[in-house]
Amino acid sequence: MKVSVKVPATSANIGPGFDCLGLALPIYNTITIEETVLPGTGIEINMMSEEEAIDEMAFDTIPKDENNIVYKAVELLYNSIGQEPSELKINIQSQIPITRGLGSSASVVVGGLLAANRLLGSPADEAALLAIATEVEGHPDNVAPAILGGFVLSNKEEDGTVSYCKLNWPEEWDITVCIPDFELATSIARSVLPEQVPMQDAIFNATHLAMLVQAVNTKDEKLMKLALKDRIHQPYREKLVPGMKEIIDAFKHEEGVLGCVLSGAGPSLLIISHKYDVDTISSKVREIWEGQNIKVDIRTLSVEEQGAIVF
Ligand code: HSE
């Protein structure tokens with residue numbers, strides 16, 4: 001038996017929503033799990049990319065054995081019903097750029113879990129799948145929109161369950177994703193964060209996250225422009241993303257550009273605009289990054305409302 005799952009890319013944080021806000025984007029990975037019939041063949045993991053050669057190099061650094069995160073997620077699911085996975089062939093067809101802050105790891109974790117769940121006769125419900133995927137990823141902000149689609153606010157509760165609510169992203173707000181040609185591992189981007197933040201910064205983020213939710217619910221562009229700020233992860237990560245500060249500053253006073261934020265742990269940037277020429281966004285970003293010899297792939301996308309699909 002063979003099951004495939006198509007999973008969207010995601011962008012997490014969206015300014016003040018560190019580790020709790022994320023949205024799905026129409027770029028996809030397809031994860032297929034096949035039960036092999038021959039006993040003793042173990043676990044086989046293959047990855048294929050439709051992206052450029054640079055991702056081929058990134059692929060080589062990804063474990064293809066029991067240390068692979070897809071395998072870990074699948075193993076947790078099997079263990080939750082008292083079984084051990086064996087004789088599985090896992091194929092990952094990837095369109096989501098790796099280590100760019102677009103949820104590629106969350107997508108394969110979600111894809112692996114949902115496929116294995118179907119193979120096992122669907123013992124886990126949505127809540128269990130969200131909890132396992134969050135346990136593997138450490139935080140729910142990418143896995144929640146990868147499973148559910150749309151724009152999602154989520155929280156990992158003390159007992160490991162994940163609570164969430166979906167928000168309606170205003171269709172008229174454009175999202176321009178700027179993907180530079182260098183990698184930034186999430187582990188490195190998290191290692192520069194402090195264990196504690198100043199009280200004033202915590203208050204700043206809590207206030208701005210509340211403003212963001214209100215802005216989205218009421219389609220209030222002015223409020224969104226005020227809200228799209230962060231003090232608990234972006235300032236620390238700026239040094240890892242050359243050009244980031246210049247790009248954010250370049251749009252600060254542009255009416256129609258509601259904000260420029262780090263996508264997930266970076267290095268991609270997300271620029272949110274309303275009735276603003278997206279070609280102008282593109283050329284400004286290119287000018288800054290290409291001036292620093294950084295190639296960039298720029299795509300204006302809408303939120304993918306459909307989450308992972310099992311087929
Ligand atoms: N919220 C996470 C972070 C997303 O910014 O580190 C990346 O996994």
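Predicted model: local features only at pLDDT ≥ 70, side-chain atom pairs only at ≥ 80, totals over all residues.
Residues are numbered from 1 along each chain as its sequence is written, and side-chain values use heavy atoms, with hydrogens and water left out.

**Exercise 1. Work out how helix α3 is oriented against helix α4.**

Start by finding α3 at residues 104-119 and α4 at residues 126-137. Helices here are DSSP runs (H or I, at least four residues) and strands are runs of E (at least two), numbered from the N terminus. Next, take the axes, which are lines fitted to C-alpha atoms over the stretch in contact, with angles from 0 to 180 degrees between N-to-C directions. The angle is about 140 degrees and the axes are 10 Å apart. Angles under 35 degrees count as roughly parallel, over 145 as roughly antiparallel, 65 to 115 as roughly perpendicular and the rest as oblique. The two helices are therefore oblique to each other.

Now look at who touches whom, where contact means heavy atoms within 4.5 Å. On α3 the contact is made by S105, A106, V109, V110, L113, L114 and N117, and on α4 by L129, I132, A133, V136 and E137.

**Exercise 2. Do the reading again for α10 and α11.**

First, locate α10 at residues 244-251 and α11 at residues 278-290. Their axes come within 10 Å and cross at roughly 150 degrees. That makes α10 roughly antiparallel to α11. Finally, list the contact: E246, I247, A250 and F251 from α10 meet I281, K284, V285, I288 and W289 from α11.

**Exercise 3. Which residues surround the ligand, and which side chains have an N or O atom 2.5 Å from a ligand nitrogen?**

Begin with the surroundings (a heavy atom within 4 Å): N13, F18, D19, H139, D141, N142, T186, R190, R237, G264 and A265. Then check the distances. A ligand nitrogen is 2.5 Å from a side-chain N or O atom of D19, and a ligand nitrogen is also 2.5 Å from such an atom of D141. For R237, the ligand atom is an oxygen, at 2.8 Å from a side-chain N or O atom.

Conventions
Polar contact = N/O pair within 3.5 Å; in protein donor to acceptor, adjacent residues only side chain to side chain.
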